[in-house]
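The entries follow in the order I made them.

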Amino acid sequence: MVHHIKKCPKCGIYTLKEICPNCKITTISPKPPKYSPFSRLAQYRREALREERERDELI
Ligand SMILES: [Zn+2]
């Protein structure tokens, strides 16, 4: 199960609650970065690994 983290737009703290415990205002979902070099590298590694495995099966 994934907990969606929220962020208070006023004080900037991260919380899992809908209401900021400090400011008592509604928290917002921080936008995930569009470009993530880390996850892209992970995906590239997975693909490279799969290709290698397929090549091994062909031999
Ligand atoms: Zn706050």
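Is Lys-24 buried or exposed? I noted first that the model is predicted. I then counted C-beta neighbours for Lys-24 and got 9 inside 10 Å. Exposed needs 12 or fewer, so Lys-24 counts as exposed.

I looked up where Lys-24 sits. Its place is the loop between S2 and H1. I also checked the backbone. Lys-24 is not a glycine, yet its phi is positive, at about 60 degrees.

Next I stepped back to the whole chain. I found one helix and two strands. Read from the N terminus, the order is β-β-α. The chain has 59 residues, and 5% of them count as buried. I then took the contacts with a separation of 6 or more. Residues 24 or more positions apart make up 3% of these.

I moved on to Ser-29. Ser-29 lies in the loop between strand S2 (14-15) and helix H1 (37-58). How many other C-beta atoms lie within 10 Å of Ser-29? I counted 9, so Ser-29 is exposed, the limit being 12 or fewer.

Which residues does Ser-29 contact, leaving aside neighbours within four places in sequence? I found His-4 and Lys-6. I also took a C-alpha distance from Ser-29 to Cys-8. The two are 21 residues apart along the chain, and their C-alpha atoms are separated by 8.6 Å.

My last stop was Pro-9. Pro-9 is in the loop between strand S1 (6-7) and S2. I counted 13 other C-beta atoms within 10 Å of Pro-9.

How far apart in space are Pro-9 and Pro-30? I got 9.2 Å, C-alpha to C-alpha, for a pair 21 residues apart in sequence.

Methods. Residues are numbered from 1 along each chain as its sequence is written. This is a predicted model: local features need pLDDT of at least 70, side-chain atom pairs count only at pLDDT 80 or more; totals for chains, interfaces and linings use all residues. Helices (H or I, at least four residues) and strands (E, at least two) are DSSP runs, numbered from the N terminus. A residue is buried if 20 or more other C-beta atoms lie within 10 Å of its own, exposed if 12 or fewer, and partly exposed in between; C-beta atoms are placed from the backbone. Two residues are in contact if their C-beta atoms, placed from the backbone, lie within 7 Å.
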